[in-house]
Amino acid sequence: MYKYYKPQIVKFALNCWPPFWGAGIKIMSISDDFRATKVRLKLRWWNKNANRTQYGGSIFSMTDPIYALMLMGILREEYFVWDKEADINFIKPGASALFADFVISEDVVTSIKKQTAGGDKVFPEFIVNVKNDDGEVVARVRRVLYVRKKPDYRKESKNKHTQTT
């Protein structure tokens with residue numbers, strides 16, 4: 001799988017994915033190193049709520065798999081990466097197209113690798129602001145991931161394997 005896990009392929013697949021396509025969610029860009037992603041949510045007649053603004057479920061959905069997919073691209077096949085929990089704080093109505101910029105810093109990646117080297121789980125937390133056309137924050141989403149190094153790649157597994165051979 002990871003042989004084909006490249007930013008442009010992930011972008012294409014997500015933009016064709018029915019839950020995103022149908023909701024008006026589009027991946028605008030994914031950096032070559034998976035460290036930055038830009039997402040847009042169009043305001044369409046079918047994703048408006050009763051108040052004629054962005055449906056909250058679509059706002060939440062535009063953030064759903066992004067951090068997990070970015071970390072999968074950064075950490076590759078050596079790690080399990082899953083969404084664990086999330087919450088959203090709606091700050092103001094989204095009356096235009098909405099945008100979100102996702103960034104994972106080198107410090108976060110280094111910390112994850114250090115904490116999981118022996119097989120421990122880690123639950124990194126990310127915050128993304130969803131903004132309107134004017135750059136005003138419409139919603140703030142907190143995402144918590146589950147990350148754990150796969151057994152075959154852990155230091156303890158390599159040490160055990162080295163000791164028995």
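**Notebook: a glycine, a hairpin and a cavity**

I began with Gly94, which lies in the loop between strand E3 (79–90) and E4. Here helices (H or I, at least four residues) and strands (E, at least two) are DSSP runs, numbered from the N terminus. I note that this is a predicted model, in which local features need pLDDT of at least 70 and side-chain atom pairs count only at pLDDT 80 or more, while totals for chains, interfaces and linings use all residues. Residues are numbered from 1 along each chain as its sequence is written, and side-chain values use heavy atoms, with hydrogens and water left out.

**Entry on Gly94**

Is Gly94 buried or exposed? I found a relative accessible area of 2%, so Gly94 is buried; the word buried means under 20% relative accessible area, exposed means over 50%, and partly exposed is in between (1.4 Å probe, protein chains only). Leaving out residues up to four places away in sequence, Gly94 touches Leu43, Thr53, Gln54 and Val138, where a contact means heavy atoms within 4.5 Å. I also looked up Ile59, which is 35 residues from Gly94 in sequence and 8.8 Å from Gly94 in space, C-alpha to C-alpha.

**Entry on the whole chain**

I then stepped back to the protein chain, which has six helices and seven strands, and whose elements run α-α-β-β-α-α-β-β-α-β-β-β-α from the N terminus on. Of its 165 residues, 40% count as buried. Taken along the principal axes, the C-alpha atoms fill a box of roughly 65 × 30 × 25 Å. Among contacts between residues at least 6 apart in sequence, 68% join residues at least 24 apart.

Next I followed strand E1 (residues 25–30) and strand E2 (residues 36–41), which pair in the antiparallel sense over five bridges; two strands pair if DSSP finds at least two bridges between them.

E1 and E2 form a hairpin with five residues between them. Which residue in the turn has a positive phi? I found that it is Phe34, at about 65°, and I marked this because Phe34 is a residue other than glycine. With a relative accessible area of 3%, Phe34 is buried.

Pro7 is in contact with Ile30, Ser31, Asp32 and Phe34, leaving aside neighbours within four places in sequence. Pro7 counts as buried because its relative accessibility is 10%.

**Entry on the cavity**

How many cavities of 30 Å³ or more does the structure hold? I found one, and the largest cavity has a volume of about 40 Å³. On a 1 Å grid over the protein atoms alone, a cavity is a set of points where a 1.4 Å probe fits but cannot get out, and lining residues have an atom within 4 Å of a point. Grid points are joined across faces, edges and corners, and the volume is the space filled by probe spheres set on the points.

The largest cavity is lined by Val10, Leu14, Ile30, Phe34, Thr37, Ile66, Leu69 and Met70. The elements giving two or more residues to this lining are helix H1 (7–16) and helix H4 (66–75), and H4 gives the most, with three residues. The lining divides into seven nonpolar residues, one polar and no charged; Ala, Val, Leu, Ile, Met, Phe, Trp, Tyr, Cys and Pro count as nonpolar, Asp, Glu, Lys and Arg as charged, and the others, Gly among them, as polar.

I looked at H4 itself and found it mostly covered, with 10 of its 10 residues buried. H4 is followed by Arg76, whose phi is positive, near 65°.

**Entry on the loop between E2 and H3**

Last, I turned to Asn47, placed in the loop between E2 and helix H3 (56–61). Asn47 counts as buried because its relative accessibility is 2%. What does the side chain of Asn47 reach at 2.8 Å? I found the backbone oxygen of Ala23.

Arg52 lies in the loop between E2 and H3 as well, but Arg52 counts as exposed, at 52% relative accessibility. Phi of Arg52 is near 70°, a positive value in a residue other than glycine.

Notes. 1 Å grid on protein atoms, 1.4 Å probe; cavity = no way out; pocket = protein on both sides within 12 Å on 5 of 7 lines; lining within 4 Å. Polar contact = N/O pair within 3.5 Å; in protein donor to acceptor, adjacent residues only side chain to side chain.
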